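Welcome, and thanks for taking a look at this one with me. Here are a few notes to read alongside the model.

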Amino acid sequence: MLSALRGAVRAPPLRASALAGTTPFSTALFRPLLTSTLQLRHSIAQQRQFHPSPSSWVTMNQSMRRKHKSKKVHKARSPLLMSCPQKKGVVTSLVIAKPKKPNSAKRKVARVKLTTGKGIQAYIQGEGHNLQEHSVVLVRGGRTKDLPGVGYKVVRGALDFGGVVNRATARSKYGVKKPKKK
């Protein structure tokens, strides 16, 4: 296509009789030819721009070899909740677990089957609980540091799970209402 354009714009060959009496580089004679070739080059350059933005002066090899800073992908801390604040589930069993090395205790853990069908281990906070098998509970995210594999907690005071009895401080964490003044 470009060769056809060039052929159409090309001036007819000059004869010796036409050049008689002129200097070899007469500007009057070559001006139309020069302007037409410049216009042709400009139109070809416009056609060859494949991208709307100007070139970035980087070769293909340089751009391939350049090290790009990869963005860190944020990994969910509680993936089984599927980016929900809490999920409802049914207690399948209650386990008493021992914590990791420097600590020593009997931690209460519930195996819960969520409404999504996934099974998880959730830590039961506070002193004493009224949970048993088939209790309906609300599970939230939050790992227990010294229990490996336990990355969820059971919400106290929600659904079948009661709050801690006689709790005075940090009551909202343990599902306790404000005591009535006597």
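1. Let's begin with a lysine. Lys153 is buried but has no salt bridge, and the nearest side chain of opposite charge, that of Asp146, is 9.2 Å away. Please keep in mind throughout that this is a predicted model.

2. Where does Lys153 lie? It lies in strand 5. Setting aside neighbours within four places in sequence, Lys153 is in contact with Ala122, Tyr123, Gln125, Leu138, Val139, Arg140, Gly142, Arg143 and Thr144.

3. Asp146 deserves a look of its own. The side chain of Asp146 meets that of Arg107 in a salt bridge, with 2.5 Å from N to O. Asp146 sits in the loop between strand 4 and strand 5, while Arg107 belongs to strand 2 (residues 107-114), so the pair ties together parts that are 39 residues apart in sequence. The structure holds one salt bridge. Is Asp146 buried or exposed? With a relative accessible area of 11%, Asp146 is buried, because the cut-off for that class is under 20%.

4. Next comes Arg143, one of the contacts of Lys153. Arg143 is found in the loop between strand 4 (136-141) and strand 5 (152-154). Its relative accessibility is 58%, so Arg143 counts as exposed. Together with Arg77, Lys100 and Lys145, Arg143 forms a positive surface patch.

5. Two backbone angles are worth checking by eye. Met82 is not a glycine, yet has a positive phi of about 55 degrees. You will find Met82 in the loop between helix 4 (60-65) and strand 1 (86-97), and its relative accessible area of 42% makes Met82 partly exposed.

6. The other angle belongs to His134, whose phi is near 70 degrees, again a positive value in a residue other than glycine. His134 lies in the loop between strand 3 (119-123) and strand 4. With a relative accessibility of 62%, His134 counts as exposed.

7. Finally, a step back to the whole chain. The protein has four helices and five strands, and from the N terminus on, the elements run α-α-α-α-β-β-β-β-β. Of its 182 residues, 20% count as buried. The protein exposes about 15000 Å², of which carbon and sulfur atoms supply 56%. Among contacts between residues at least 6 apart in sequence, 52% join residues at least 24 apart.

Conventions: Residues are numbered from 1 along each chain as its sequence is written. This is a predicted model: local features need pLDDT of at least 70, side-chain atom pairs count only at pLDDT 80 or more; totals for chains, interfaces and linings use all residues. Side-chain values use heavy atoms; hydrogens and water are left out. Patches are made of residues with over 30% relative accessible area and no salt bridge: like charges are joined within 9 Å, nonpolar side chains (Val, Leu, Ile, Met, Phe, Trp, Tyr) within 5 Å. Accessible areas come from the Shrake-Rupley method with a 1.4 Å probe; for residues, only the protein chains shown count as cover. A salt bridge is a side-chain nitrogen of Lys or Arg within 4 Å of a carboxyl oxygen of Asp or Glu. Lys and Arg count as positive and Asp and Glu as negative; His and the chain ends are not counted. The place of a charge is taken as NZ of Lys, CZ of Arg, CG of Asp or CD of Glu. Buried means under 20% relative accessible area, exposed over 50%, partly exposed in between (1.4 Å probe, protein chains only). Contact means heavy atoms within 4.5 Å.
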